[in-house]
Structures are given as C-alpha cells and as structure tokens.
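The sequence and structure come next.

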Amino acid sequence: MSRWRDLTGGVSGREYAARFEALARGGKDVHGEAAFCAALVPAPARVLDAGCGTGRVMIRLAELGYDCVGVDLDASMLEVARAQAPELPWLRADLAEFDPARFGVAAGFDLVVAAGNVLPLLAPGTEAAVVGRLAATLRPGGLLVAGFGLDAAHLPVPPATTLPEYDACCDAAGLALVDRFATWDGAPYEGGGYAVSVHRLDV
C-alpha cells in the first residue's frame, strides 16, 4: 500500500482540491509547476502528469496548449479531475506498473512531471520501478521533472527518499541529471528540504 493511501485512505480528493482553491482565492499563484514545465518544453509538447491528483497542473498545461495525459491511482482525486476537465484523458493506474499502451496511449512523451511529493508517497520499495516506468514513457532526450520534500518540514510522512537514492534510480533508468532547483520558481538548489530535479533520458 502506498504511503499516500496510508495517509488519506484514498478519499481525500475534494478536500485536496478545496485547499488549492482557497489558496488561489487568497491570491496565491498555484500554477508554479505548470509554468516551470512550460519553460522547459514549448507547446504543443506531449506531457504525462504522473500522480496527477485532482489535475491542477495538467489542466493548466492543457490550457497553455500542451497535449496532456494524467495518471493516478487515487480514484477520489481522479473523480475531481474528471469533473473539472472531462475532455482530458485521466487514467487510473499504479505508477509502478504503468504502461500507457494498455490504455491505447502512445509513449514518446516530451516531458513527464511528478509534482506534489509523488516520490515520497509511493509504496515503500517501488521508487526504482516507478522511475523506470516513467523513463520508459519518454522519447529519447525527453525530460523527467520531479519535485518532492526531503525532510519532515516538507512532507506529510516521514522522509523516505534522499536525492542520492533518487539520482541512483534515475541513473539505472538511463536518466541523466540536467539541473536541480530549490523551488518551482527556479531558485538554485543549495541544500535544504525540498528539491525540483530535471533529468533527461539519454539518447
């Protein structure tokens, strides 16, 4: 069972969406992840939102002209996503076993984004399998972007994945580190409890 399901019971979709809606009403920019991705690849690039949740990132990217597919295991989150953007493809699958061909979706994505602490909230021991599956969906030279917390201050669960461990998973999947940032705003990473990593699939 994933740490996310342990934490939420798989029924937190509406509550999760409401939290970001409240932030947006308060004037906070809730589209930093989408803006970050848009700066890496131009529309209409193909983007896979891995651990898409309620669709906040993917819906914004679709509005910007990207060709998007979302995948998540939490049915309550996908219910919200589908209600907000029924025209977009929302797939329910375990990332550790994800194969887009099973849904009639071609691989060869230009970018895969895993925002929202996807990696630390996976089922323990599946991190390498997930990174391998995500790498397999990329075109040669495609990018994997993942942002996640590294300490208790940035996570709702005990820290589980270190950057060296994550980089080792990426290396095993044929992904090379391109850059690393401290925030989705692009601040340079100089240590600390949160990192946004960009890896490229070697050609």
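In which helix does E33 lie? E33 is part of helix α3, residues 32–40.

## Basis of the model

The model is predicted: local features need pLDDT of at least 70, side-chain atom pairs count only at pLDDT 80 or more, and totals for chains, interfaces and linings use all residues. Residues are numbered from 1 along each chain as its sequence is written, and side-chain values use heavy atoms, with hydrogens and water left out.

## Overall fold

The chain has seven helices and seven strands, in the sequence order α-α-α-β-α-β-α-β-β-α-β-α-β-β. Helices (H or I, at least four residues) and strands (E, at least two) are DSSP runs, numbered from the N terminus.

Of the 203 residues, 51% are buried, meaning under 20% relative accessible area with a 1.4 Å probe, protein chains only. Taking contacts (heavy atoms within 4.5 Å) between residues at least 6 apart in sequence, 67% join residues at least 24 apart.

E33 counts as buried because its relative accessibility is 10%. Leaving aside residues up to four places away in sequence, E33 touches R56, V57, A115 and W184. The C-alpha atoms of E33 and A115 are separated by 7.2 Å, although these residues are 82 apart along the chain.

## Strand β1 and D49

Strand β1 covers residues 46–50 and includes D49. Four of the five residues in β1 are buried. β1 pairs in the parallel sense with strand β2 (residues 67–72) over five bridges; pairing requires at least two bridges found by DSSP. Within this pair, L48 stands opposite V69 of β2.

D49 is buried but has no salt bridge, and R56, the nearest side chain of opposite charge, is 8.2 Å away. A salt bridge requires a side-chain nitrogen of Lys or Arg within 4 Å of a carboxyl oxygen of Asp or Glu. A polar atom of the D49 side chain lies 3.4 Å from the backbone nitrogen of M58. Beyond residues up to four places away in sequence, D49 touches V57, M58, V69, G70, V71 and V113.

## Helix α4

Helix α4 spans residues 56–63, and its buried residues include R56, V57, M58, I59 and L61. Just after α4, G65 has a positive phi of about 105 degrees.

Terms used: Buried < 20%, exposed > 50% of the residue type's maximum accessible area, 1.4 Å probe, protein only. Lys, Arg positive; Asp, Glu negative; His and termini not counted. Polar contact = N/O pair within 3.5 Å; in protein donor to acceptor, adjacent residues only side chain to side chain.
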